[in-house]
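Hi everyone, thanks for making time. Have a look at the structure on the screen, and I'll talk you through its pockets and then its salt bridges.

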Amino acid sequence: MERHALYRIYQIDRILREGRYPNCRELAERFEVHRRTVERDIEVMRDQMGAPIEFDRGRGGYHYASSGFSLPQVRLTEGEMVAVYLGQKLLLQYAGTPYEAQIRQALEKIALLLPNEVSMDLAQVDRGISFGFEAARGDQELVTGYFTKLNTAVANCEAVEIGYFAPSTGQTTRRRVDGYHLHLRDGAWYLIGHCHLRGKIRLFALDRILELALSGEKFERSSEFIISEFLADAWGLERGETLVEIAVRFDPFPARYIRERVWHSSQILEELQDGSVILRVRVSGVGEFMRWVLRFGASAEVLEPAELREAVRREAEGMVGRYGGRIAE
C-alpha cells in the first residue's frame with residue numbers, strides 16, 4: 001500500500017500537519033521508493049492540489065506555509081458504498097487473470113478515500129443480492145498461465161505457437177497464431193487472431209490449448225480488425241462464410257419471453273394475430289443459433305432458410321428415434 005501514490009500523498013499531508021519537517025530522503029526511505037518519486041508526489045500536491053508546501057532550509061525539510069489547506073475529500077453515500085462492494089464481488093468472479101492484482105489495487109485506493117469508520121451491514125447486502133455466473137471453464141491454473149502469456153503476446157504483437165485440440169474433429173493440430181484479442185464468454189476465455197494454418201481469423205478456447213510458446217517474432221496487426229465488428233454478425237461466437245437470413249415462429253407462450261429482450265442487433269419481430277411472433281435475424285454461422293432454438297422444443301418452428309429447417313428436422317428425428325418413436329409425415 002505504501003507504494004501507492006494516493007497513499008503517499010495522504011501520509012505526507014499528515015506528516016506535514018504534525019510539523020515534523022520531512023525531507024525527500026526521509027520520505028523515500030519511509031515509503032521504500034526512489035527519492036524522485038517523492039519529489040513528484042510533492043509537485044503534484046503543490047501544483048495540482050494547491051498545497052502551500054515550502055522547504056525550510058533551517059529545519060531541513062518541508063512544511064505548510066499557511067493553515068487552512070486540506071486535501072480533497074471523497075464522501076460516498078451508503079448506496080455508492082454498496083455499489084463499490086458489489087463491484088468488487090463482480091470483478092473478482094474471474095480471479096486468476098493478471099488483472100486481478102490491478103482490480104485489488106484499484107479497490108484499495110478507493111478504500112483510502114473513505115472515512116476511517118464506515119457503518120454498513122454487508123451481511124444484509126449479501127442476503128438481498130447475489131450473482132449467477134457461468135463457472136469458469138477448464139483448469140484454472142493452466143488457463144491463467146496461458147492467459148498471462150497471451151495477454152503479453154497480444155499487447156506486443158508477438159505471434160504464438162500452439163498445440164490445439166478441436167472437439168469438432170477430435171484432432172490436435174499445431175498452429176501459429178497472430179493474437180488480436182482475448183474475449184470472455186460463458187465462463188470461457190478465447191483467443192481471437194489470424195491462424196496461419198487456416199489463413200483466416202479464428203477463435204481458440206484457452207482451455208483447449210495443449211501447449212503454448214511465444215515465437216519471438218512480431219506481426220503487423222490488421223487495421224481492419226475491430227472486435228465489435230468481428231462479433232456483430234455472429235450469434236454468440238460462431239462465424240460462417242456468409243450472412244444467413246433466418247426466420248423462426250414462436251408460439252404465444254415463448255413469444256412473451258422472446259419479446260423481453262434484444263437477441264441480436266439485426267433482429268426484427270413480426271407480431272401475429274394469435275399471439276405468436278416471428279423472429280427474423282441475419283447472422284454469420286447457424287450452428288449456435290440452431291442449438292439455441294432447439295431449447296424451445298415444439299414451441300418454435302424454423303421457417304427459413306430451408307437448409308436450417310431441414311437440419312432442425314433431422315435433429316428432432318434423431319431425438320425421437322432415441323426415445324423409440326418416429327416423426328409423422
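Let's start with what the largest pocket is made of: its lining has 15 nonpolar, seven polar and 15 charged residues. In that count, Ala, Val, Leu, Ile, Met, Phe, Trp, Tyr, Cys and Pro are nonpolar, Asp, Glu, Lys and Arg are charged, and the others, Gly among them, are polar.

Quick background before I go on. This is a predicted model, where local features need pLDDT of at least 70, side-chain atom pairs count only at pLDDT 80 or more, and totals for chains, interfaces and linings use all residues. Residues are numbered from 1 along each chain as its sequence is written, and side-chain values use heavy atoms, with hydrogens and water left out.

Okay, what do I mean by a pocket? On a 1 Å grid over the protein atoms alone, it's an open set of points where a 1.4 Å probe fits, with protein on both sides within 12 Å along at least five of seven lines, and lining residues have an atom within 4 Å of a point. Points are joined across faces, edges and corners, and the volume is the space filled by probe spheres set on them.

The largest pocket comes out at about 1200 Å³. It has 37 lining residues, and the closest to its centre are Arg-202, Leu-203, Leu-237, Glu-238 and Arg-239. Which element gives the most to that lining? That's strand E6, with six residues. E6 covers 200–205, and others supplying at least two residues include strand E4 (171–185) and helix H8 (227–232). Helices here are DSSP runs of H or I with at least four residues, strands are runs of E with at least two, and both are numbered from the N terminus.

Now the second largest pocket, with about 470 Å³ of space. Of its 13 lining residues, Gly-297, Ala-298, Ala-300, Val-312 and Ala-316 are the closest to the centre. H10, strand E11 (300–304) and helix H11 (306–322) each give two or more residues, and H11 has the largest share, five. By class, this lining splits into nine nonpolar, one polar and three charged.

On to salt bridges, meaning a side-chain nitrogen of Lys or Arg within 4 Å of a carboxyl oxygen of Asp or Glu. How many are there in the whole structure? The search finds 21.

Find Glu-271 and Arg-259 on the screen: their side chains form a salt bridge, 2.9 Å from N to O. Glu-271 sits in strand E9 and Arg-259 in helix H9, so the pair ties together parts that are 12 residues apart in sequence. Buried means under 20%, exposed means over 50%, and partly exposed is in between, using a 1.4 Å probe and protein chains only.

Another pair is Arg-20 and Glu-18, whose closest N and O atoms are 2.5 Å apart. Arg-20 is partly exposed at 44%, and Glu-18 is too, at 42%. Then there's Glu-301 with Arg-309, at 3.0 Å from N to O. Salt bridges with shared partners also join Arg-35, Arg-36, Glu-39 and Glu-43 into one network.

Last, zooming out: the chain has 11 helices and 11 strands, and 35% of its 329 residues count as buried. Thanks, that's me done!
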